[in-house]
Amino acid sequence: MAAQADTIEVPTDAELLQAQADLWRHSLYYLSSMGLRCAVQLGIPTTIHRLGGVASLPDLMAELSLPSVKMPFLGRLMRVLVTSGVFAADKDTESGGELYRLTPLSRILVDGVDADEHHNQKYFVLGVTAPHCAEAALGLADWFKKELEPPVPSPFEDMHGAPIFDERTPLMDEEFDAVANQGLAAHDNLGIATILRECGDIFKGLESLTDCCGGDGTTARALVKAYPHIKCTVLDLPKVIDKVPTDGVVNYVAGDLFHTVPSSQAVMLKLVLHFWSDEDCVKILTQCKKAIPPRDEGGKVIIIDIVIGPSLGPIMFEAQLLMDMLMMVNTRGVQRSENDWRKLFVEAGFKDYKIVKKLGARCVIEVYP
């Protein structure tokens, strides 16, 4: 049927007014992200925490040493961040002004806290909202129209000439590279205590485990603390392992998981595979399969990653899809549905898998040889 390009259905008055409001929201959502970035750069979550968990606007102005003329503007910023759930607010019965409090979201943005389960997400925010990432997203339309030979580079790589988390990235911008890597580490380590509490049975009975791309060993050390009988090995690139001090708790191995994975009863891939294409994931999983014994000897691969699907409700589903867009813009990776994961497992030669539990936007999966 020929397209009727010269006519269009006219919305009702109510539909038109709602569409206008929706257009504003979608077009201006970036200001919410930049407002969050501003709050993190100013140190507002940490300041509220240091003031005892409650702060008025004058309190914030004084503690942050901001010019008094900026107080109305800070109030407008805080109003948006309260509405979006970053902070909470109550009325001060004496002054009539707002008293701001932390929410679970802003608590994970508090800096300088010494606690086993607190992994500050400050650098995740600063990394994903950095100019280099924003510029890559702004170039999406041009990227879609450009003829590119496979493997297709991400918009980030195409624009900046180097992939994110690459050896060439520091040459492009050393400060951005440091922030991005700190953000990656914080993102990867968040929630490991929850996994140990909610899914601890997957580690019971294990004698050894290799944590692929385990960084500085934060996750592996938490695992050994909970299960001292497990011999943990961290595999990561030489540039990462060379900076990690020997702790006597975890064995650190410099290497490349595309070429070899240290032998162990189980291999863990925590937030690793979503950075890679399907073809690369099959290569990684094939190496993991070589490293573990048969299933009847306890061999398995433990994957902690996003499994896209609407079953957890619209907010979690949207968060998963936005993480997929983050991968598309900045990496060659992708967030996958259960069917996508199943295809990878079969192609890599695995015989079975089980989704152990859904934890927020992520899932814990066991894959068996």
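**Salt bridges, the annotated site, cysteines and strand pairing**

At 30% relative accessibility, Glu-98 counts as partly exposed, where buried means under 20% relative accessible area, exposed over 50%, and partly exposed in between (1.4 Å probe, protein chains only). The structure is a predicted model, in which local features need pLDDT of at least 70 and side-chain atom pairs count only at pLDDT 80 or more, whereas totals for chains, interfaces and linings use all residues. Residues are numbered from 1 along each chain as its sequence is written, and side-chain values use heavy atoms, with hydrogens and water left out.

Glu-98 takes part in a salt bridge with Lys-91, with an N to O distance of 3.3 Å; the term denotes a side-chain nitrogen of Lys or Arg within 4 Å of a carboxyl oxygen of Asp or Glu. Lys-91 is exposed, its relative accessible area being 56%. In total, 15 salt bridges are present in the structure. Another of them joins the side chains of Lys-204 and Asp-201 at 3.2 Å, N to O. Both partners are exposed, Lys-204 at 54% relative accessibility and Asp-201 at 59%.

The salt bridge between Arg-336 and Asp-278 has an N to O distance of 2.9 Å. This pair connects distant parts of the chain, 58 residues apart, with Arg-336 in strand 9 (residues 336–337) and Asp-278 in helix 15 (residues 278–291). Helices (H or I, at least four residues) and strands (E, at least two) are DSSP runs, numbered from the N terminus. Arg-336 is buried at 1% relative accessibility, whereas Asp-278 is partly exposed at 41%.

Arg-336 is also one of the residues touched by His-274. The UniProt annotation "active site", from an unreviewed entry, covers His-274; UniProt positions follow the numbering used here, feature names are shortened, and annotations may be inferred rather than shown by experiment. His-274 lies in the loop between strand 7 (266–270) and helix 15 and is buried, with a relative accessibility of 0%. Contacts (heavy atoms within 4.5 Å) of His-274, not counting residues up to four places away in sequence, include His-187, Asp-305, Met-327 and Thr-331. With Asp-305, the side chain of His-274 forms a side-chain polar contact at 3.0 Å. A polar contact is a pair of N or O atoms within 3.5 Å; within protein, one must be able to donate a hydrogen and the other to accept it, and residues adjacent in sequence count only if both atoms are side-chain atoms.

The whole structure contains 0 disulfides, defined as pairs of cysteine sulfur atoms within 2.5 Å. For Cys-212, the closest cysteine sulfur belongs to Cys-288 at 4.6 Å, which is too far for a bond; Cys-212 is buried at 0% relative accessibility. The sulfur of Cys-38 is likewise too far for a bond, as the closest cysteine sulfur, in Cys-133, is 18 Å away. Cys-38 is partly exposed at 27% relative accessibility.

Strand 3 (residues 98–102) pairs with strand 1 (residues 54–56) in the antiparallel sense over 3 bridges, pairing requiring that DSSP find at least two bridges between two strands. Within this pair, Ala-55 has Tyr-100 in strand 3 as its bridge partner. Strand 2 (residues 87–91) also runs antiparallel to strand 3, joined to strand 3 by 5 bridges, with Ala-88 opposite Arg-101. The hairpin of strand 2 and strand 3 has 6 residues between the strands, and in this hairpin Gly-96 takes a positive phi near 85°.
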